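Me: I would like a close look at one part of the structure below, the ligand and the space around it. Please keep to what can be computed from the atoms.

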Amino acid sequence: MTTHLVWFRNDLRITDNRALHAACEDPQARVIALFIATPEQWKQHEMAPRQAMFIYQHLQALQHSLAERGIGLHYHQCDDFADSVDWLKDFCKSEKVDALFYNKQYEFNERQRDAAVEKAVSESVICHAFDDSLLLPPGSVTTGNNEMYKVYTPFRRAFLSRLTESDSRSLPAPQVRGNAGKVVMHRLMPFDYPLADIGDDFAIGEEAARHQLRSFCREQVQDYLEQRDLPAVDGTSSLSPYLAIGVLSPRQCLNRLRTECPDVLEKTDGGAFGWLNELVWREFYRHLIVAWPKLCKHQPFVEWTDNVRWRHAPEELQAWKDGKTGYPIVDAAMRQLNSTGWMHNRLRMIVASFLVKDLLINWREGERYFMSQLLDGDLAANNGGWQWGASTGTDAAPYFRIFNPTTQGERFDKAGRFIKAWVPELADVPERDIHQPHRWAEKQHRVLDYPLPVIDHARARKDTLAAFEAAKNRSD
Ligand SMILES: Cc1cc2nc3c(=O)[nH]c(=O)nc-3n(C[C@H](O)[C@H](O)[C@H](O)COP(=O)(O)OP(=O)(O)OC[C@H]3O[C@@H](n4cnc5c(N)ncnc54)[C@H](O)[C@@H]3O)c2cc1C
């Protein structure tokens, strides 16, 4: 009997999982599954303790779903990727594995590890790697010169035309195998990594994720364009934590969207197309890290931006992290992040702009801090978002485009509902004054238990423009 090993990594689901599906195609094969935890590597990647917990809980759910189908999940903990290569080689030998099935990861370290694994086991194991976490594989959407796009809009155009030709059907969960009911449930030890409570906002399991997807596409996606920028409204899908660790696949998202909104590709001014556009951003950033691996190594896409003389301002950095900058929308956003591990996209843009363009602090500090807190931490999307905000990346906003944190708050949280939910110190401030609470307090002769702005935006704007200008000149 042949033995097929499915190595789970960022694809913690049994439905529409290409590697699992392929491994189970031969009904006679013995199929076993494996997850390797690598806490030392996670530390280096700044993975949030909340995300580690989210993974751990989904691993438990996965183990049950696999066992019901007659597939035992083995679990092992190594320090880092290098150790995992050696261990996997021995494991394949001891379990007499004939074929290894896995879904590709696109980050630089992960690709190096996979190449090392394939080499290490090549004598006795056939490896099957699948493009699973994207709608279209990296390198398949290119310019006429066969190069990756550096700008999003033409990428999207080319992407959508390729998408219509591609097979993006979702695959079913594997059939129940002959040995169901006899599977050994190996004990899943908690990872040797800090684990933090994830609260009640995100239910565990792929069924819960699919339910959330279904109801979003059925009930909310039509209003996406009007609501997606309003943090006080639950107007986006909140599916990013599931997509980040592969509890849900982008094909499942696309297919559900098409079922509920069959004209999604034709009606380009509708909410459904707007949502699809976000899924394409996700693809864009993943394609980019493969085309430019330097993005995985903390390097800016636009090289001259490395000449910017960032400020060393540890107290202001800390105020930003703690949500105590004195700018209500920034503080509410950071407190949401610190308390839930999730932040609304508009707010991610605002706080990123504030850190980089107001405080003139290196974008890498923000990127790192986000990873350490986010439940949906994802190298490609996070790096892409930060480099966009810092004007150091592809398709970046030009450096002279600087968000004004006060007017951003006025535009997207007019009545301050979101602010009041997260900054209780401002509970008494009337709606019309919520974005400039100290001005109101002064007029009212009130003392607010809320910090004064850490920086004056108008002055900061000038300084930042000068710093970017000087960096550009230095590189000419
Ligand atoms: C500074 C910054 C950092 C970010 N860090 C991350 C991160 O670590 N992980 C992450 O998944 N997203 C990140 N994003 C992108 C975006 O903010 C989140 O994906 C989104 O807020 C998740 O909420 P949602 O699931 O309700 O999204 P929806 O609006 O419902 O979008 C659907 C899905 O599309 C994807 N998506 C949406 N917007 C983007 C985007 N701008 N870039 C890439 N993918 C997108 C996500 O997978 C999301 O779940 C970041 C954005 C910025 C500006």
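How far is an oxygen atom of the ligand from a polar backbone atom of D378?

Reply: The distance from a polar backbone atom of D378 to an oxygen atom of the ligand is 3.1 Å. This is a predicted model, in which local features need pLDDT of at least 70 and side-chain atom pairs count only at pLDDT 80 or more, while totals for chains, interfaces and linings use all residues. Residues are numbered from 1 along each chain as its sequence is written, and side-chain values use heavy atoms, with hydrogens and water left out.

A backbone N or O atom of D376 is 2.8 Å from a ligand nitrogen, and N382 places a polar side-chain atom 3.1 Å from a nitrogen of the ligand. The protein buries 95% of the 820 Å² that the ligand exposes when taken alone (Shrake-Rupley method, 1.4 Å probe; for residues, only the protein chains shown count as cover).

There are 27 residues around the ligand, and Y224, T236, S237, S238 and N345 come nearest (a residue is near if one of its heavy atoms lies within 4 Å). By class, this shell has 14 nonpolar, eight polar and five charged residues. Nonpolar here means Ala, Val, Leu, Ile, Met, Phe, Trp, Tyr, Cys and Pro, charged means Asp, Glu, Lys and Arg, and the others, Gly among them, are polar. At least two shell residues come from each of α9 (240-245), α11 (271-291), α14 (345-358) and α16 (379-390). With six residues, α11 supplies the largest share of the shell. Helices (H or I, at least four residues) and strands (E, at least two) are DSSP runs numbered from the N terminus.

The ligand takes up the space of the largest pocket (more than half of its atoms lie within 2 Å of the grid points). A pocket is an open set on a 1 Å grid over the protein atoms alone, with protein on both sides within 12 Å along at least five of seven lines; a cavity is a set of points where a 1.4 Å probe fits but cannot get out, and lining residues have an atom within 4 Å of a point. The largest pocket holds about 1,000 Å³ of space. Its lining counts 37 residues, with E278, W281, N345, R348 and A381 closest to the centre. Volumes are the space filled by probe spheres set on grid points joined across faces, edges and corners.

The lining divides into 17 nonpolar, ten polar and ten charged residues.

The largest cavity contains about 170 Å³. R286 is one of the residues nearest its centre, in a lining of 21. Three lining residues of this cavity come from α11, which gives the most.

Definitions and conventions:
A polar contact is a pair of N or O atoms within 3.5 Å; within protein, one must be able to donate a hydrogen and the other to accept it, and residues adjacent in sequence count only if both atoms are side-chain atoms.
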